[in-house]
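This report goes through one protein model, helix by helix. The sequence and the structure come before the text.

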Amino acid sequence: TLRKWDFKRGLGTMPGLQRYVEEKPVLEVLVGFLRGCGMFYGLSNPVMGIFSLTAALLNSPFNFLYLTWTVCWSMLWAFAIGAPRELIMNGLYPSQGILLGYAVYINFDPIDLDKLPDMTVVAISFIALIPLTFVVVMLFQCLANIMLKHLGMTPMLLSSMIVGQLWWLMTGYSQHFINPNMYPRMLEPPREPNYFNLTFKTFYTEIIYGVSMLQFSNYFYCCIPISIGLFLTSPISCLMTWCGAVVGIFSTALLGIDFQYVRFALFGVNSCIVFPSIAGTFFVLNGASIVLATLCTFATVFLVIATKAFCTPYGIPHFGIPGSVMVIVAYIAFDNVPGLHRVPINALTCPEDHLRKAKMNKTGRKYDSNNHTGLKWNLEMTM
């Protein structure tokens, strides 16, 4: 039972809390909802979910509403199609619709996000999100069955990103919605070389926005609740997320990419997806995984440019597709590489737990799966 709170109880996936709410349906659904909000950051933790909601509310009340609306409907549709209850309550299915909600949210004129949008348009978008979340859940179920069976990897949030792009394409033909094509073209006439004209202020500002934009926020202070939530639930994930932002922004500066594109082309966001996913989540944190994460983050910059070049003519954002694809490719490619310890998909919990398990196996001690900060979720149940 949960008699008192301490720092350790908030780490990982909080199995103690899950056991506590198992026979309390209302609390279990509420915890599942919060886990879904936290799962967007790769952590099935209700505390992270609370801070995710806080960051959304700090950004905009509409950001908060779209987040809660899509999580609720993703959870309801998952129950409707008979998805495994465990995978719903751990937040895996509820988290799938979050990025779709953000895609609809940022479809409003981004030049003045403080301006109150047309409430008729908001109402229409909320109604449209109901069937769209069904499509996301259905597509996730399909991709998970295929990828787990043939590639041994999950689709992450690709289904939500794909449907989000379809939404943006639809707005180009709709009379209700404004498609501002918020991302400027990256192809410009040749200019004179201008080497390393980057100021330190611009550098650290873009790093901060790289983390804040995980919530699709134009406000730098949204990185505060995100960072606090990550630190309370997984200090390693928090550190690796900021390392990803640093490496990603440094890579763009090294390659001379104009910083007017960096933020809205989501270079920082995709770097914050790749680095912690490889160094800690899908691979055990060690020197080899950090090197691999650094190389993949650098390569992601090229993938972002390529993806953006494809999406720009259609006026659609690429979201986190480049980062997600890079993580999937790295996980499949580096299976039996010396020094790299790949975490089985059906044993994913949190970086601290993966590291603890690896250390115990190395010393020959038996790993007790019932006495750790994580909770084993069998993703293969979707097959």
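The model is predicted, so local features are given only at pLDDT of at least 70 and side-chain atom pairs only at pLDDT 80 or more, while totals for chains, interfaces and linings use all residues. Residues are numbered from 1 along each chain as its sequence is written, and side-chain values use heavy atoms, with hydrogens and water left out.

**Overall make-up**

The protein has 16 helices and zero strands; helices (H or I, at least four residues) and strands (E, at least two) are DSSP runs, numbered from the N terminus. Of its 383 residues, 55% count as buried, where buried means under 20% relative accessible area, exposed over 50% and partly exposed in between, with a 1.4 Å probe and protein chains only. Among contacts with a separation of 6 or more, 72% join residues 24 or more positions apart; a contact means heavy atoms within 4.5 Å.

The expected span of a helix is 1.5 Å times one less than its number of residues. The table sets this beside the distance between the end C-alpha atoms.

| Helix | Residues | Length | Expected span | End-to-end C-alpha distance |
|---|---|---|---|---|
| α11 | 235–254 | 20 residues | 28 Å | 28 Å |

Just after α11, Gly256 has a positive phi of about 75 degrees.

In α15, the buried residues are Ile321, Pro322, Gly323, Ser324, Met326, Val327, Ile328, Ala330 and Tyr331. These buried residues pack against α7 (119–150), α8 (158–171), α13 (267–281) and α14 (287–311).

**Helix pairs**

Axes here are lines fitted to C-alpha atoms, for helices over the stretch in contact, and angles run from 0 to 180 degrees between N-to-C directions. Angles under 35 degrees count as roughly parallel, over 145 as roughly antiparallel, 65 to 115 as roughly perpendicular and the rest as oblique.

The axes of α8 and α15 come within 10 Å and cross at roughly 150 degrees, and the two helices are therefore roughly antiparallel. In this pair, Leu158, Met161 and Gln165 of α8 meet Ile321, Ser324 and Ile328 of α15. By class, that contact between α8 and α15 has four nonpolar, two polar and no charged residues. In this classing, Ala, Val, Leu, Ile, Met, Phe, Trp, Tyr, Cys and Pro are nonpolar, Asp, Glu, Lys and Arg are charged, and the others, Gly among them, are polar.

For α10 (residues 223–233) and α11, the axes come within 5 Å and cross at roughly 140 degrees; α10 and α11 are therefore oblique to each other. On the α10 side the contact uses Cys223, Ser227, Leu230, Phe231 and Thr233, and on the α11 side Pro235, Ser237, Cys238, Thr241 and Trp242. The contact of α10 with α11 has six nonpolar, four polar and no charged residues.

**Two buried residues**

Ser74 lies in helix α4 (residues 61–80) and counts as buried because its relative accessibility is 0%. Apart from neighbours within four places in sequence, Ser74 contacts Tyr93, Pro94, Gln96, Gly97, Thr133 and Val137.

His354 lies in helix α16 (residues 351–362) and is buried, with a relative accessible area of 6%. Leaving out neighbours within four places in sequence, the contacts of His354 are Gly280, Thr281, Val284, Val343, Ala347, Leu348 and Thr349. From C-alpha to C-alpha, His354 and Phe283 are 8.1 Å apart in space, and they are 71 residues apart in sequence.
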